[in-house]
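My notes follow in the order in which I checked things.

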There are 2 protein chains.
Amino acid sequence: MGRLTLKDVAEACGLSRAAVSLVVRDSPRVSEQTKVRVRQVMAEMGYVYDRAAANLRTRRSMAVGLIVTNVRNPYFAELSMAIEQGLQGAGYTLLQGYSYDEPDKQRQLISAMVEHRADGVIILPAAGSSAASLQMLKSSGTPHVLIARQVKGYDADYTGADNVRAGELMGEHIVGLKPRSVAFIGGPMSSTARKDRYRGLAKVLQQAGVAISKQAQHTSESTPSGGEQVMRSLFLENGQRPDVIVTYSDAVAVGVLHALRDSSFRAGRDVAVASFDDVADARYQEPPLTSVATFADEVGGRAAQLLLARIGDPDRPFGSLIVNPELQVRQSTALFQAEVPSDWRR
Amino acid sequence: MGRLTLKDVAEACGLSRAAVSLVVRDSPRVSEQTKVRVRQVMAEMGYVYDRAAANLRTRRSMAVGLIVTNVRNPYFAELSMAIEQGLQGAGYTLLQGYSYDEPDKQRQLISAMVEHRADGVIILPAAGSSAASLQMLKSSGTPHVLIARQVKGYDADYTGADNVRAGELMGEHIVGLKPRSVAFIGGPMSSTARKDRYRGLAKVLQQAGVAISKQAQHTSESTPSGGEQVMRSLFLENGQRPDVIVTYSDAVAVGVLHALRDSSFRAGRDVAVASFDDVADARYQEPPLTSVATFADEVGGRAAQLLLARIGDPDRPFGSLIVNPELQVRQSTALFQAEVPSDWRR
DNA sequence: CTGAAAGCGCTTACAG
DNA sequence: CTGAAAGCGCTTACAG
């Protein structure tokens, strides 16, 4: 026996296929009494609605693609879960893929999702994505929204934190620490989020006459080990240090704090460390980490909203939903005292 | 104009629909020359293969469902990524859902995946899943494998770490510390992984004559805040402490270490802390965390293998792939000295 | 509500 | 390789 179809259910109920189809979709054209009876028969028979067949007919899949770089990063994990929550309510199932920040893998994923006829795609673009690499989304007419990072020259719905503002908030906090030098380190070079954070930070510091060290452009993966590496090669080895280290993300900061604990300098006393995102881990660091919150749950929820709106009206003008960042001060900068010896090694 | 179909491509190439269909599936019955030409025309026209339509005909979806509880836990994040990697190679796209350890949400996700005609499902069962709650997978004939946690009375393919052995490894390490008392805390009560870890641990400790405190059954969410709560309520508030605290998972241990840093007792000196999983975070803790590795990447890769084998041969006998755990000793237990004052508060 | 029919875009045999 | 045909399991309009 093959799988049960609507026809089998219809026969068992003594109804037409069309009528049963209406029950499945809860049409008002069928009486409540009939619906109850049909549903009961379905349950007894073990009938399973074949969404794939329905999709072919309706030209929708009730599936939405989500492409993120890496869900080991807690920020992206939170983002993914918030997005799933937002879409689940509207009846969508998530097709999820991980690009590992590799444009090639990303291209494969986009292609797979378009072939699966995803009703929409939410994508956190791999660092260094070109507009061309996203073109398939546009040419296939797939509704989509970008999150967290924008792509130069690519016009689309977008939601993310206001990263320039996040950088400014960081800058304002740092100026209050009266440091002699500040370094900005870690994160992928080609990320727009990184550029924006740096820009906001640099602007405020320059206005206050605070120098940013020339190591400012040293990049890494957005991971603890990335942070560790950049720390070791840049500061601990050459024996110099800034008063304040700002990292691209909390993930990077975790590695930076670890490297500092291996040195004789204490974060929060000899050197201030601060970063961006304020993921749950930030407050569990030693010392607890000052971070500018960029609210993954908010961003994820809004991404889902934007996509649903775009699916509902493919011709609406592109929109952006920008989430306001907030500074969260903790001990990694609270205890900072500017007047300490300037030699790095003891 | 609607979407392009195989018919449009066939007309543009002057071939039959059937021939073009063979090209798409790279059949040897079509000459290389023709394939090249057809593919070029497709690219020029911007044709997108409609997998949904093909699926209806072939009765496969080339999509596999993955249900995990929560991807904020780094162990589950690594697991998810390893599984995606393993399935991607075989041409599958992932339908992912998060159960939040809630059987109801899990049921909805299973139902959605079966309706989408997933070719298979990999599921990390919500704590407290009954055999009945997974029955839909079986009755619909969906190939599936359980990961990380088993479900009592439910026979299926399974892969996970050997949690009893993990507990034993932990026990052997702890016995070497010569503690007077040991507590096992945190994690969801009804998780089989928790029970197995505790069982292995208790067995080895009892054989060595080491007491396990009666707080052994205190449970929590498998999160840092869960660990924090259970620590505060159980130990710090009543002023007593064991020599060794074993937590259900690294996630819980993060909260425990945090609570200890807020107290006057130092982990690794006044009290040993150790846990399970050895996620990447473990070595970035302060102090670095002793943990029994349970290898999410291995488990994920094998889950993918098991599912592919099951899809290939639905009638094969159920199998288990058990991953061997390994103890990773770090400073959270390395510096432990048993001879310290036994009062908890200073 | 019914019932017959067309169609979504593919795949699959089949005779040539 | 072709070409006509059937079919995957639904939905949708239509006349009744």
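Before comparing the copies, I noted how they are superposed: by least squares on the C-alpha atoms of residues with pLDDT of at least 70 in both. The model is a predicted one, and I kept that in mind throughout.

Entry 1, the two copies.
I laid chain B on chain A and got an RMSD of 0.0 Å, with a turn of 180° and a shift of 0.0 Å along the axis. The two copies are therefore related as by a two-fold rotation axis. I then asked which residue of chain B has its C-alpha nearest the axis. The residue is B:Leu95, with its C-alpha 2.2 Å from the axis. I also checked the contact surface, and the same surface serves both copies, as 100% of the contact residues of chain B recur in chain A.

Entry 2, the contact between the chains.
I looked up how many residues each chain puts into the contact, and found 40 from chain B and 40 from chain A. On the side of chain B that touches chain A, α4, α5 (74-88), β2 (93-98), α6 (103-115) and α11 (250-262) each supply at least two residues. By class, I read 19 nonpolar, 12 polar and 9 charged residues on that side of chain B.
I followed β2 further. Strand β2 (residues 93-98) of chain A is joined to β2(B) by 3 bridges, and the two strands run antiparallel. For A:Leu94, I found the bridge partner in β2(B) to be B:Gln96.

I listed the residues around DNA strand C and found 26, the closest being A:Ala19, A:Ser31, B:Leu6, B:Ser21 and B:Ala54. Which elements each supply at least two residues of this surface? They are α2 (17-24) and α4 (51-58) of chain A, together with α2 (17-24) and α4 (51-58) of chain B. The largest share, 5 residues, comes from α4(B). I sorted the surface near DNA strand C by class and noted 12 nonpolar, 7 polar and 7 charged residues.

Two or more residues each come from α2 and α4 of chain A and from α2 and α4 of chain B. Here α4(A) gives the largest share, 5 residues. The classes near DNA strand D are 12 nonpolar, 7 polar and 7 charged.

I went through the elements of chain A and recorded 13 helices and 12 strands. Its radius of gyration is 26 Å, well over the 20 Å that the globule rule gives for 346 residues, so chain A is more spread out than a compact globule. Along the principal axes, the C-alpha atoms of chain A fill a box of roughly 90 × 40 × 30 Å. I counted 52% of the 346 residues of chain A as buried. Among contacts in chain A between residues at least 6 apart in sequence, 74% join residues at least 24 apart.

Last, I looked at strand β6 (residues 181-185) of chain B. Since 4 of its 5 residues are buried, β6 of chain B is largely enclosed by the rest of the structure. β6(B) pairs with strand β7 (residues 211-212) of chain B in the parallel sense, over 2 bridges. In β7(B), I found B:Ala211 as the bridge partner of B:Ser181.

Methods: Residues are numbered from 1 along each chain as its sequence is written. Chains are lettered from A and ligands numbered from 1 in the order in which they are written. This is a predicted model: local features need pLDDT of at least 70, side-chain atom pairs count only at pLDDT 80 or more; totals for chains, interfaces and linings use all residues. The radius of gyration is taken over C-alpha atoms; the globule rule is 2.2 Å times the number of residues to the power 0.38. A residue is buried if 20 or more other C-beta atoms lie within 10 Å of its own, exposed if 12 or fewer, and partly exposed in between; C-beta atoms are placed from the backbone. Two residues are in contact if their C-beta atoms, placed from the backbone, lie within 7 Å. A residue is near a molecule or strand if its C-beta atom, placed from the backbone, lies within 6 Å of it. Ala, Val, Leu, Ile, Met, Phe, Trp, Tyr, Cys and Pro count as nonpolar, Asp, Glu, Lys and Arg as charged, and the others, Gly among them, as polar. Two strands pair if DSSP finds at least two bridges between them.
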